[in-house]
Amino acid sequence: MTADDSFSLNDDAFAANPNVDISIEEGCQSSGELLEEEGNNLENDCEQLFRMDDDDLDDRDEKVLLDGHRNHGNDLSISDGNESFDGDISINADHEHDRDESPLLDCQIDLSRDNNYPSPVAGMEFDSYDDAYNYYNCYAKELGFAIRVKSSWTKRNSKEKRGAVLCCNCEGFKTLKEVNSRRKETRTGCLAMIRLRLVEYNRWRVDEVKLEHNHSFDPERAQNSKSHKKMDTTGTKRKVEPTIDVEVRTIKLYRSSALDAMGHEGLNSNGESKAHVYKPRCLLLKKGDAQVIHDFFRRVQLTDPNFFYVMDFYEEGLLRNVLWINSRCRAAYSYFNDVIAFDTTCLSSNFEIPLFAFVGINHHGQSILLGCGLLADETLETYIWLLRAWLTCMSGRPPHTVITNRCKALQNAIAEVFPRAHHRLCLSYVMQSILENVGELQESETFHAVLSRTIYDCVRVEDFEMAWEDMIQHFGIKNNEWLRSLYDEKERWAPVFSKETFFAGMYNCQKGDWIIPFFHGYVHQQTSLKEFFDIYELVLLKKQDRETLQDQESSELSPLLKSRCPFELQLAKLYTKEIFSKFQDETVMMSSCFSLPQVETSGGPIMTFVVKERGGEEIPQDGRAYEVMYDKAGGEVRCICNCFNFKGYLCRHALFILSYNGIDEIPYQYILSRWRKDLKRVYVPDLGCNNIDITNPVQWFDHIHRRATQVVQEGMTSQDHYMVAWQALKESLNKVRLVPDRHV
């Protein structure tokens with residue numbers, strides 16, 4: 001939901017849906033004139049739907065339903081762009097005595113000192129409604145007035161608040177019923193207020209502000225108001241308590257153009273922010289870093305027309321985030337878009353450069369770069385911006401599987417931008433994190449062995465769950481809260497739950513496997529941004545040279561066969577050297593497999609076999625049995641160890657059953673093009689060049705340039721290819737020169 005998509009209540013909104021009721025709740029002691037009947041118009045802040053008559057509130061609620069007669073036949077349609085409220089909106093008054101819960105402390109502001117809260121401005125954003133209310137309450141207390149909730153609206157049959165108006169408690173006047181009341185008149189018709197609404201990322205934005213009061217401030221009276229008394233009573237219930245008589249309140253403020261414009265006015269003499277929660281999140285750059293980024297992008301674009309970069313700015317020009325992807329990365333993604341990993345090593349390890357890397361795996365099983373970013377923070381908003389920008393660059397083609405570290409914000413961003421992707425946690429990261437959170441057991445070799453056996457060796461869900469329970473009971477870590485929270489996410493990291501997910505070897509499902517960061521050995525904690533951009537292209541060039549060498553070795557050298565297995569010979573002709581070497585180990589281990597009597601699962605062609613492995617003395621190694629399903633009619637074979645999805649090639653158990661049933665060739669569906677050495681990969685991004693506007697000269701250039709670059713790439717593969725490409729280019733140029741120019 002964007003800022004422009006969120007709803008407001010106005011006259012026009014009531015002409016769209018004939019089946020809508022509006023519920024209006026009033027918590028005021030006297031609800032005299034709930035509705036102003038003149039014209040029955042509804043304004044944005046619902047002010048004319050009802051009036052709040054007192055700031056001394058009781059627990060009595062009154063409800064009035066507006067049906068078609070009260071509405072003069074007008075109907076209400078409210079939309080936030082992406083969500084449908086099903087025509088039901090509940091609008092109510094939400095007073096101080098209804099605010100039972102207080103937000104947990106994340107940062108502290110001592111309200112007993114001079115905090116100089118900035119005046120509210122349109123565009124301020126807060127983490128929650130409570131944060132927004134607390135901010136305005138603190139601001140009011142500092143000036144000397146009290147506040148109350150004039151109105152709020154929620155979704156019908158839901159407690160989810162969607163908007164609210166907070167006003168000065170001197171707003172309005174006495175009703176006709178209260179004119180003869182002995183109570184002192186405190187209302188002056190003050191118009192000071194702020195209007196809040198729920199916007200994207202579940203944040204609360206200040207939409208409208210009125211600062212002018214028509215009365216003098218009375219700090220003593222304000223101090224005794226319910227809104228400020230609430231601060232006193234809730235301050236003692238916080239998780240963090242500096243002192244009993246110090247009021248503590250959490251306020252988180254996000255970006256605001258008005259706040260950005262304040263510059264450094266909130267800095268103290270040491271250059272530190274007096275209220276750090278108001279500091280906008282921007283990319284931390286040293287002197288000259290911005291010029292380094294600019295020079296790098298400008299230089300690369302001169303030699304790489306398909307180089308892509310995008311920057312995220314505050315409205316006042318402060319740089320927040322940067323994403324860039326070169327043409328080779330964009331083209332490589334078209335071949336290897338099944339599995340990607342998000343390398344956040346620099347972010348999680350507090351490196352000097354906040355680097356985020358998109359990493360894939362190529363046909364040699366080596367990591368390849370698919371894009372880079374520099375991030376101001378690790379919030380949900382930042383990650384959503386990054387993933388959407390990256391997806392746009394990749395022509396809207398999301399990956400099938402995404403591997404990350406454990407990060408709630410990133411997890412939510414993936415669910416938002418890649419809703420159909422399989423999101424899994426890096427298993428090596430999970431293993432390391434477990435060891436870091438079990439105290440002294442980190443040094444126990446016995447615990448290491450049991451943990452490894454529990455995670456890597458279980459092939460059935462029930463086996464894993466039983467082994468995990470035995471482990472935490474035996475080592476006395478059942479009450480470890482961190483471990484319990486990790487186990488709650490077991491479907492995202494335990495291999496036994498990921499058998500339907502394709503990983504192409506990027507998921508380290510075996511003991512000792514470890515995903516190495518893409519820039520490992522080149523970028524360190526103290527590496528500066530300038531140093532990074534100096535080595536960036538050198539790192540990419542080194543990895544590209546390695547890929548070229550591996551391509552040459554795979555095409556020119558015949559691998560040494562280690563068995564007489566026909567499967568080995570078959571893939572030796574098709575797969576690259578590195579992938580074939582890994583598959584070859586499976587063919588060698590086929591000799592250690594033996595099958596127990598098959599178990600018929602149906603009367604059809606599908607059969608289930610049980611395969612075990614012999615040790616050196618003809619004894620099963622660990623007693624584990626691997627069930628292998630074989631469909632003779634469809635040529636499908638599937639092992640419970642699921643090696644094919646994890647690594648991209650069949651395991652020895654499946655190969656053994658194929659051989660056992662007289663099959664000499666691996667079925668075609670188990671030979672992946674991503675591993676083939678005979679597939680020519682041209683690293684020129686295809687950006688929908690078949691859809692060309694023939695009247696647009698810019699698209700002419702892009703189309704011809706891409707096609708010509710493809711010819712160049714193909715022509716570089718051999719001397720014969722070079723001669724054909726050169727001849728074709730010469731002939732094409734001669735033909736183009738012979739075409740008469742009709743516009744002259």
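Tutor: Strand S10 and strand S11 (residues 319-325) pair in the antiparallel sense over six bridges, where pairing requires that DSSP finds at least two bridges between two strands. Strands here are DSSP runs of E with at least two residues, helices are runs of H or I with at least four, and both are numbered from the N terminus. Within this pair, Tyr 309 stands opposite Trp 324 in S11. In general, strands of a sheet pair through backbone hydrogen bonds, either parallel or antiparallel.

This is a predicted model, with residues numbered from 1 along each chain as its sequence is written. Local features need pLDDT of at least 70 and side-chain atom pairs pLDDT 80 or more, totals for chains, interfaces and linings use all residues, and side-chain values use heavy atoms, without hydrogens or water.

S10 and S11 belong to an open sheet of seven strands in the order S10-S11-S14-S13-S12-S15-S16, and its pairing is mixed. At its edges are S10 (308-313) and S16 (422-425), each pairing on one side only. From one strand to the next the twist averages 20 degrees; angles run from 0 to 180 degrees between N-to-C directions, and axes are lines fitted to C-alpha atoms, for helices over the stretch in contact.

Two helices lie across this sheet. Helix H6 (residues 327-335) lies across S10, S11, S12 (339-343) and S14 (367-374), and runs at about 125 degrees to S14. Helix H8 (residues 380-393) lies across S10, S11, S12, S13 (355-361) and S14, at about 30 degrees to S11.

Another packing involves helix H5 (residues 289-303) and helix H14 (529-556). Their axes are 9 Å apart and the angle is about 20 degrees. H5 is therefore roughly parallel to H14; angles under 35 degrees count as roughly parallel, over 145 as roughly antiparallel, 65 to 115 as roughly perpendicular and the rest as oblique. On the H5 side the contact (heavy atoms within 4.5 Å) is made by Asp 289, Val 292, Ile 293, Phe 296, Arg 299 and Val 300. H14 contributes Leu 529, Lys 530, Phe 533, Tyr 536 and Glu 537.

Elsewhere, strand S8 (residues 203-210) joins two other strands. Seven bridges link S7 (residues 193-199) to S8, and the two run antiparallel; Ile 194 has Val 209 in S8 as its bridge partner. S4 (residues 125-126) is also antiparallel to S8, through two bridges, with Glu 125 opposite Arg 205.

In the loop between helix H13 (481-488) and H14 sits Ile 516. Ile 516 is exposed, with a relative accessible area of 54%; exposed means over 50%, buried under 20%, and partly exposed in between (1.4 Å probe, protein chains only). Its C-alpha atom is separated by 9.8 Å from that of Ser 428, 88 residues apart along the chain.

Helix H18 (residues 652-660) has seven of its nine residues buried, so it is largely enclosed by the rest of the structure. Among the buried residues are His 653, Phe 656 and Leu 658. After H18 comes Gly 662, with a positive phi near 80 degrees.

Over the whole protein there are 20 helices and 20 strands, and 47% of the 744 residues are buried.
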